[in-house]
Structure formats: structure tokens, C-alpha cells
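Here is a short briefing on strand pairing, helix packing and salt bridges. Keep the structure open while reading.

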Amino acid sequence: MQRPPLDAEQLRRSAVESPELAFFSRIDVVESTGSTNADLIARAADPDADHVVLLAETQVQGRGRHARSWVSPPRAQLAMSLLVRLPGIGPASLAWLALLTGVGRGAGRGPPAGGGGGGGAPAVVIGLGLNVSLTEAELPVPHATSLTLAGARQTDRTVLVRSLLTEFARRFTAWRDADWAIDELAAAYRERCATIGTEVRAELPGGRALTGVAADVDDYGRLLIGGEAVSAGDVTHLRAQY
């Protein structure tokens, strides 16, 4: 299958010339790396590193939630990490960064990973993955899918990157300008979250499982299932039994 590369030059120019993407200080594309998350966490030691994007055509040590491997044929997906700093944010609001990223792109490969950074504003690295052109035979697990398999009209990865980054920049800027208040962000998340109001099963760290109705998210962005707040776990929608 012919899979064209990302247009790295167009993306780099966008960070300088495009009003929508001027939010980002640099957008880099590499052919291969161990993990884009790990690479940007290392960069976070530089206090001047901020609003940085790194994409890889393939990863050899990518990790999703619970340290699961994240693999894909080269140029078949988006494997991207973003490094941002959040001056003045409180712990409760910081948890909403992962949900903001979800609102902006609808699919991901793991929660934000904390980075260091010179004692200034906290640096956070967000890992973002999206299966684009994977065929059914290439899917890592049976319940996975890709944009191609879902019949998406747009599968040009460069266009998708621009769209995802534009939406992230717009929502992050609005959140920052609102002094990290979560009201608008929480409303947007609740409007789009297909899990709220459904019967689910959550596989929690440590092997425990929780079943119940996902009623809402709390002020920390945790999913409320049967009155219990869940901050990490694999959530599966349960089919109604007749």
C-alpha cells in the first residue's frame, strides 16, 4: 500500500505563517523514534521549551495507557506529542488537559505525561495517536479501527495534523484566557462524551472491575460510575440485554 509521508515542510511553515498554528513554536517530523512522548519529556528540562509538537512516521517503543505498546505500520497513523506549559494552573484544573485534548481530536493513545522544566510553569507532554489507513489485517486488536475502515472522507495525514493542532490551539487558548476555569470545557466534553449515561464496565488498575451507569464527570475530570470516581481504567460500553 502506498502511504505518502507527512509534508514536514508545510507543517513547519504553518507554525510561522499560519494564524491558526502560530500558537506552536515549532512542529517537527522525524522518520522514526522510540517514543515521541519520551523525546519531548527530555526536552522539558529546557525552561524555554513550550508549545512544541513532535510527530514520528513510526515509533518503535510507543506506549499507551498502562504502558501498553503502541505499534503501527510506518505512515499509517498519527503518532504525535505536544509539550505545553500551564502557568498558574491548579491541580484540579490540570486534570482537564487530557479531556480538552479528547474534545479536540476524539481519539488518543494515553494520558498526559508530566515533564520537568527549570522550576517555572509546569510542563506537560500530551501523547496523541490516531489510526488513519490501517487495514483490518493490520489492526493491533480486534476492537480497534481506523479512519479508512470507518469510511472517513479525509485521510490525508498532513491535513489531519493541521486540523487537530488548530482545534487544540483554539481550545487551549480559550481555557488559558479563562484563567483555567473548567465550566466551558466541561460543557463541551459532556456534550460530546458518548459514555455518559450508558452502562459500562471499567477495568481498573490492580485487576478490579466496576460495572454501572457512567453518570457524569466530576470537577477533576474523573468518570463517575455507580457513585465511584474513576480516574484511570479501560471503559467498555455494555450492550443492553433483551
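**Sheet and hairpins**

E203 has A209 in strand 7 as its bridge partner. This is a predicted model.

**Strand 6 to strand 7**

- The hairpin of strand 6 and strand 7 has 5 residues between the strands.
- In this hairpin, G206 takes a positive phi near 95°.

**Strand 7 to strand 8**

- Strand 7 also pairs with strand 8 (residues 223-225).
- The two run antiparallel, and 3 bridges join them.
- A214 stands opposite I225 of strand 8.
- The hairpin of strand 7 and strand 8 has 5 residues between the strands.
- There, G221 takes a positive phi near 80°.

**Strand 8 to strand 9**

- Strand 8 and strand 9 run antiparallel, joined by 3 bridges.
- I225 stands opposite E228 in strand 9.

- In what order do the 5 strands of the open sheet lie? The order is 9-8-7-6-10, with antiparallel pairing.
- The edge strands are strand 9 (228-230) and strand 10 (234-237).
- Each edge strand pairs on one side only.
- From one strand to the next, the twist averages 45°.
- In a regular strand, side chains alternate between the two faces of the sheet.

**Helix 1 against helix 5**

- Helix 1 (residues 8-17) packs with helix 5 (residues 157-177) at an angle of about 20°.
- Their axes are 10 Å apart.
- Angles under 35 degrees count as roughly parallel, so helix 1 is roughly parallel to helix 5.
- The crossing of helix 1 and helix 5 is right-handed.
- Which residues of helix 1 and helix 5 meet? Q10, L11 and S14 in helix 1 meet T158, V161 and R162 in helix 5.
- By class, this contact has 2 nonpolar, 3 polar and 1 charged residues.

**Salt bridges**

- The count comes to 14 salt bridges, with a cut-off of 4 Å between a side-chain nitrogen of Lys or Arg and a carboxyl oxygen of Asp or Glu.
- R43 forms a salt bridge with D28.
- The closest N and O atoms of R43 and D28 are 3.4 Å apart.
- R43 lies in helix 2 (residues 36-43) and D28 in strand 1 (residues 26-33), so the pair ties together parts that are 15 residues apart in sequence.

Note on methods. Residues numbered from 1 in each chain as written. Predicted model: local features only at pLDDT ≥ 70, side-chain atom pairs only at ≥ 80, totals over all residues. Heavy atoms only, no water. Pairing = 2+ DSSP bridges. Helix = DSSP H or I, 4+ residues; strand = E, 2+ residues; numbered from the N terminus. Axes fitted to C-alpha atoms, helices over the stretch in contact; angles between N-to-C directions. Parallel < 35°, antiparallel > 145°, perpendicular 65-115°, else oblique. Left-handed = near helix turned anticlockwise from the far one by under 90°. Contact = heavy atoms within 4.5 Å. Nonpolar A, V, L, I, M, F, W, Y, C, P; charged D, E, K, R; others polar.
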